[in-house]
Amino acid sequence: MNTLFRKVRFTLLAATLLWLKTYVVYKLAFDINIENAFEEAILFLNSISTLLLFLGIALLTDTYRNGCVILISFLLSVLLFSNAIFYGFFNDFVTLPVVFQTNNMADLGTSIRELMTYKTLFMFVDLFILLFVSRKFPRFVDVSPLTKKEKSIYFLGAASLFLFHVTVAEVYRPQLFARSFDRKMIVKNLGLYTYHLYDIVLQSRSSAQRVFASSNTFAEIENYVKVKDKGATPAMFGVAKGKNVILISMESTQSFVINRKINGEEITPFLNSFIKESYYFDQFYHQTGQGKTSDAEFTIENSLYPLDRGSVFFTHFNNEYTATPEILKDYGYFSAVFHSNDKTFWNRDLMYPSLGYDRYYHQQDFVGTQQNSVGWGLKDKDFFTQSISYLKELPQPFYTKFITLTNHFPFTIDPKDRLIEEYNSESEIVNQYFPTVRYTDEAIKYFIQRLKEEGLYDNTIIVIYGDHYGISENHNAAMAQFLGKNEITSVDSMQLQRVPLIIHIPKQSGQTISKVSGQIDVKPTLLHLLGISTTHSTEFGTDLFIKEKDPLVVMRDGSFITNDYVYTKNICYAKQTGEPIEEQLCEPYKQKAKLELRNSDKLIYGDLLRFDPSNKRNTGTMTTILEQS
């Protein structure tokens, strides 16, 4: 055994350094809730067995063994570093589909630079130690080959430790592997590196689902959605028949800015006034996952849930869908998207044809300069200014979507464009957020005025929605200050997932509707306003204007909100008091939430809408949009 230890001690040193470094990153970079000492012990120990197995790969070679140890340590450090950076903004861990979204990386530069500090060098400190030891203490770095027996002993010990750890985790958290959507839970109990192995298994399984999918599975899901209330309020059905449609996606805009002030000034003065002459849904939640803006687009136009891993825009862009733009083709609508970013970002140039869009106006259709751009593309006002000329040329009726960019993390804006001063808190991100929201508000005001000047306003439904959160839970202290609270509780965090939804219908008076609702409800609502029945559509949303007996909004991670309850992080809360209550009160909703997500996932992973006889994709659409792009 002494001989074996001498041969593997450099490997064990590398594993120990990575193990301790990983635990420190757990505590500093990730928001992992620990309830007791046992969970802390699991968190502390959960990476060592996997690291021993990974680094043990180097023992299979003799000549370059220690060089392989350093290389594997470097690769695992990059993986740890990537998760820390990704978590800093998305409050989530990297998945395999996200890794393949490489054409997003160039545009993420500003956001990544904001999250990188001198502290990130800590992620690689163990590599410097290993290099120092290998050069200064050559006796410590044994290079003699291992026998087959010694290799067997090493791997048997590491594998036994791994199996023991997995067994303990599964006993403590039964059905842990069934909770693929709860990545924090998996990382806490199994470790970051084991989670990534599990993620590879999930990806392989999901890739196989389309091959084995059948029309029988589609029929089962179709029967399930038919039971949902797909009715429409008679007074609202068809009130906007034949009207143009304009959707405005407000980047990172949350509802807490509506009708609020900082430094005595309104944050969204235009939206506050526009709400009074529109339908405003103040209990409307975003339901996005890792796809963020692309998830919001997908959910709003398909009334399907996004995936729990990656973005549908990347993983299933060539599926059959029955999205709103495609449905409206049968009613004479021309559809277009306006977005001043690169056409390949979020794979939009390939996904939009699958959704039925006729035209995609992207970065190459706009004139961008250093003066009229910031962060990810054109400033919102310049974006709307240049878009108007294209909009005027479209055949009517049209269905269009405008995606704003200025209010994007890390929320930077030129001083000359700042209409209100920054907030004063300990979070620079929160402080910068309000001026960029204010700028977008002013840009939308300008756009609405231009629609009036061009004679389009009175013949157009205008739908304005927030796509996803802008301020993550990493800034809860500053948000507590803004909201006048001592702390942000789990229920508060769920309430902060509300985003604005404003629907302006010509010649309709304004009204605030406090119905628990989500992005999945927009498609049936809009189609009903246009006088199009969704009785036979395979979708999971309901018309926002009908009075549901017991509305339920399901988040991608399995959390949910009802009129009375909030369920998040495996705890059931009374919505009104914010206090934990008996879990069985949430159990019926919990089961329904799981079923909704599972059925939606089956539709996407299995491409089941190809079995829908009513799905008539316009095969000429893809050619048209790609030629125009």
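Phe338 has Phe402 of β10 as its bridge partner, and Phe334 is bridged to Phe398, also in β10. Strands here are DSSP runs of E with at least two residues, helices are runs of H or I with at least four, and both are numbered from the N terminus. This is a predicted model, where local features need pLDDT of at least 70, side-chain atom pairs count only at pLDDT 80 or more, and totals for chains, interfaces and linings use all residues. Residues are numbered from 1 along each chain as its sequence is written, and side-chain values use heavy atoms, with hydrogens and water left out.

Now the strands themselves. β6 (residues 334-338) and β10 (residues 398-403) run parallel, joined by five bridges. Two strands count as paired if DSSP finds at least two bridges between them. β6 is also parallel to β7, through three bridges, and Ala336 stands opposite Arg359 in β7. Four of the five residues of β6 are buried, that is, under 20% relative accessible area with a 1.4 Å probe, protein chains only.

Next, the whole sheet. It is open, has eight strands with mixed pairing, and its order is β7-β6-β10-β1-β11-β12-β4-β13. β7 (359-361) and β13 (511-513) stand at the edges with a single partner strand each, so one side of each has no neighbour in the sheet.

Technical notes
Buried < 20%, exposed > 50% of the residue type's maximum accessible area, 1.4 Å probe, protein only.
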